[in-house]
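Colleague: I am new to this one. Please show me how to read its features.

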Amino acid sequence: MSVKIRPLNDRVVVEPIEEEEMTFAGGRLVLPDTAKEKPQQGKVLAVGPQVETEDEDGNIVGVKAGDLVIFAKYAGTPFKTRDGKEMLILREDDILGVIEE
């Protein structure tokens, strides 16, 4: 069952994207979670009412659900959903940029 989260005010719910970190010393070694850096990229799942705004042409300004973003390293509050997914809720100001491909 999927849980819906409705962030308040200027909050944004992000699903962090962890990059696979490896070291190569005579082979391939995956680093344990305790040695990994905190993820700084994620997918926006939901935004609060003060985040998503439109300009005079009707274009979305700021972040919106579905955007891939870069956020400050120690920003936000981590939490787990009922099904064990790691999520992060943070303020819009903690988002440093949107990744455009």
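**Starting at Asp-10**

Modeller: Begin with Asp-10, which is buried, at a relative accessible area of 17%. Buried means under 20% relative accessible area, exposed over 50%, and partly exposed in between (1.4 Å probe, protein chains only). This is a predicted model: local features need pLDDT of at least 70, side-chain atom pairs count only at pLDDT 80 or more, and totals for chains, interfaces and linings use all residues. Residues are numbered from 1 along each chain as its sequence is written, and side-chain values use heavy atoms, leaving out hydrogens and water.

Colleague: Which residues does Asp-10 touch, not counting those up to four places away in sequence?

Modeller: Contact means heavy atoms within 4.5 Å. Asp-10 touches Gln-50, Val-51, Leu-90, Arg-91 and Glu-92 on that count.

Colleague: With which side chain does the side chain of Asp-10 make a polar contact?

Modeller: A polar contact is a pair of N or O atoms within 3.5 Å; within protein, one must be able to donate a hydrogen and the other to accept it, and residues adjacent in sequence count only if both atoms are side-chain atoms. Here the partner is the side chain of Arg-11, at 3.3 Å.

Colleague: Is Asn-9 buried or partly exposed?

Modeller: Asn-9 is partly exposed, with a relative accessible area of 40%. Its phi is near 50°, a positive value in a residue other than glycine. Asn-9 sits in the segment before strand S1 (11-16).

Colleague: How many helices and strands are in the protein chain?

Modeller: Helices (H or I, at least four residues) and strands (E, at least two) are DSSP runs, numbered from the N terminus. The protein chain has 0 helices and 10 strands. Of its 101 residues, 22% count as buried.
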